[in-house]
Amino acid sequence: MIYIYNAGPLFTEADIQQRLKEGALLREALSTATEEFFVANPIELPFDNTKILTSQEIFVEDYSHVNKANVFFFELASNDAGTYVELGNAIEKLMNGKPLKIYPVFNDLRLQRNGASGIECPIGFNSYLVGCLTSNHITIFSSFHDALEAFKQDFHL
């Protein structure tokens with residue numbers, strides 16, 4: 001089963017619209033899959049939004065999906081602490097031998113605008129974060145579109 005966890009911030013209207021768009025694009029890409037699939041897109045998970053959600057409720061729900069997932073998409077340029085924790089959970093699974101596919105995205109206009117190349121450029125990305133990806137031989141993508149194309153190629157979609 002292909003079990004995708006799509007991680008990124010959910011705090012602004014733009015964040016919400018981007019995560020919804022990504023969820024739709026992932027399901028569209030999987031429409032030709034011969035394997036069963038599930039897309040855990042936190043903005044679309046069934047929470048009761050008529051009441052206050054505690055941090056513990058959010059953690060328990062999201063962590064259960066992180067544990068089930070074998071494919072991850074991470075939007076990392078926004079410096080969202082929750083996304084970083086989820087990435088750490090996934091890296092721990094990977095380092096313990098779980099077969100995973102991880103598609104990290106650092107989408108930052110400053111990279112293209114300033115002619116900067118590579119993720120090691122000095123625009124504020126944490127070296128430990130970048131190092132945890134590169135030391136585990138994880139390709140870093142500059143857009144969700146590029147990550148999605150790699151996913152489709154990896155899974156023959």
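Rings of Phe, Tyr and Trp (its six-membered ring) count as a pair if their centres lie within 6.5 Å, and as stacked if their planes are under 30 degrees apart. By that rule, a search of the whole structure, which is a predicted model, turns up ten aromatic pairs. Here are two of them:

| Pair | Centre to centre | Angle between planes | Type |
|---|---|---|---|
| F72 and F74 | 5.5 Å | 5° | stacked |
| F73 and Y103 | 4.9 Å | 20° | stacked |

F72 and F74 are both buried, and F73 and Y103 are buried too. What does the second pair tie together? F73 belongs to strand 3 (residues 71-75) and Y103 to strand 4 (residues 101-105), so their pairing links parts that are 30 residues apart in sequence. F73 and Y103 also belong to one aromatic cluster with F141, F144, F151 and F155.

Four strands make up an open sheet, ordered 2-1-3-4, with parallel pairing. Strand 2 (37-40) and strand 4 are the edge strands, each pairing on one side only. On average, neighbouring strands are turned by 10° against each other, direction ignored. Strands 3 and 4 run parallel and are joined by five bridges, and F74 stands opposite P104 in strand 4. Helix 2 (residues 55-68) packs on the sheet, touching strand 1, strand 2 and strand 3, and its direction makes about 135° with that of strand 1.

How about confidence? The protein chain averages a pLDDT of 89, and 87% of the residues score at least 70. Among its elements, strand 1 (residues 2-7) has the highest mean pLDDT (98) and helix 4 (residues 109-113) the lowest (61).

Conventions:
Residues are numbered from 1 along each chain as its sequence is written. This is a predicted model: local features need pLDDT of at least 70, side-chain atom pairs count only at pLDDT 80 or more; totals for chains, interfaces and linings use all residues. Side-chain values use heavy atoms; hydrogens and water are left out. Rings of Phe, Tyr and Trp (its six-membered ring) pair if their centres lie within 6.5 Å; planes under 30 degrees apart count as stacked, over 60 as edge-to-face and the rest as tilted. Buried means under 20% relative accessible area, exposed over 50%, partly exposed in between (1.4 Å probe, protein chains only). Helices (H or I, at least four residues) and strands (E, at least two) are DSSP runs, numbered from the N terminus. pLDDT is the predictor's confidence in each residue, from 0 to 100. Two strands pair if DSSP finds at least two bridges between them. Axes are lines fitted to C-alpha atoms, for helices over the stretch in contact, and angles run from 0 to 180 degrees between N-to-C directions. Contact means heavy atoms within 4.5 Å.
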